[in-house]
Amino acid sequence: MLVRRIAHRFTEISSSIAMPRAVGVACLVVGLGTGFLGGALAQVPPRKPVAPNAATSVVRPQAPSGGGFLGSLFGGGGGGGGDAAGNKQRLLDAYPGAFRFEGNVLVFPSGERVVWDDGRRKSPAELLTDADVEDMFAYPYPSAREGEMAPPRDHDPGRIRSQEFFTALYGGSEGAVRRNVRTIRWVPSLGNAGLTVTTRFGIDDKLEKVSAELERLPKRFHKYLTPPGGGFLWRTIAGTRRLSVHSFGAAVDINTRFTNYWRWDKAAAGGVIPYRNQIPLEIVEVFERYCFIWGGRWYHYDTMHFEYRPELLPACRR
Ligand SMILES: [Zn+2]
């Protein structure tokens with residue numbers, strides 16, 4: 001039975017996917033290219049032409065070119081160059097009507113209250129395990145239009161998540177999330193699989209549009225898309241007590257066969273993880289148009305993974 005086989009496959013994959021509890025607290029984050037200085041999210045010209053249908057590529061991390069990014073990472077004011085007011089507005093624009101701010105607290109219609117900024121400075125490892133909402137802006141997300149690149153060490157834009165924020169948005173239990181999910185047909189002209197995602201913020205409709213656009217890509221892209229790895233699945237990240245974003249029905253994995261995952265690759269000398277990716281950026285561009293970010297932009301890469309994070313994509317914050 002196709003659906004069951006896919007679900008089983010996803011469980012196998014997901015059980016081996018674990019986010020790190022520690023990723024080298026003392027290591028230095030190298031600076032980024034000029035497009036990122038000061039945490040700016042401005043578009044920059046592609047560094048390298050997109051290589052469609054590329055084989056696994058290993059890209060060297062970029063050399064430091066400035067110190068502006070370091071301040072935004074470790075500063076108490078968090079990402080976006082410490083632009084707290086700007087980031088609050090970005091969040092409001094990304095999830096319209098979902099909450100309001102009362103000073104340093106997000107207040108949800110349910111009455112739930114989530115702290116915006118706990119005022120603590122955090123190492124990269126602490127950002128992963130103990131993020132507040134403001135920390136979710138710690139690393140600017142480079143869109144697919146900026147071309148292929150290897151993220152600098154520990155640069156995981158979108159992988160920093162406040163669990164309290166996500167449970168307030170999507171539900172704090174499997175049952176609560178499940179009340180708002182829908183299964184869409186995933187690239188139906190190419191296969192017979194479904195993907196279950198939340199209907200919150202129209203994510204199901206957006207994923208259907210992603211699916212329709214992906215179907216229209218040239219044939220050489222189709223193998224990456226289906227069978228999909230999976231969508232909604234209530235689970236904790238292996239080895240942690242934190243919920244996977246798949247638990248909220250706001251993430252999907254495309255075909256696991258062409259994925260690269262940092263835990264499956266051997267770290268080089270000094271614990272450096274060499275970047276690898278097989279997913280063409282044309283596919284990523286389609287997802288980004290509908291406000292899904294890509295796990296291939298993470299130092300701790302997970303290239304089959306896409307999740308709904310409009311706050312990190314300028315065109316989605318309207
Ligand atoms: Zn995933």
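Of the 318 residues in the protein, 42% are buried, a residue being called buried if 20 or more other C-beta atoms lie within 10 Å of its own, exposed if 12 or fewer do, and partly exposed in between, with C-beta atoms placed from the backbone. The model is predicted, and local features need pLDDT of at least 70, while side-chain atom pairs count only at pLDDT 80 or more and totals for chains, interfaces and linings use all residues. Residues are numbered from 1 along each chain as its sequence is written.

The secondary structure comprises eight helices and 10 strands, where helices (H or I, at least four residues) and strands (E, at least two) are DSSP runs numbered from the N terminus. Among contacts between residues at least 6 apart in sequence, 71% join residues at least 24 apart, a contact meaning that the C-beta atoms of two residues, placed from the backbone, lie within 7 Å.

Helix H5 spans residues 163–170 and includes Phe 165. Phe 165 counts as buried because 23 C-beta neighbours fall inside 10 Å. When residues up to four places away in sequence are left out, Phe 165 touches Val 114 and Val 133; Asp 132, 33 residues from Phe 165 in sequence, is 8.3 Å from Phe 165 in space, C-alpha to C-alpha.

The buried residues of H5 are Phe 165, Phe 166, Ala 168, Leu 169 and Tyr 170, and they pack against strand E4 (113–115), helix H6 (174–178) and strand E6 (193–198). Just after H5, Gly 171 adopts a positive phi of about 130°.
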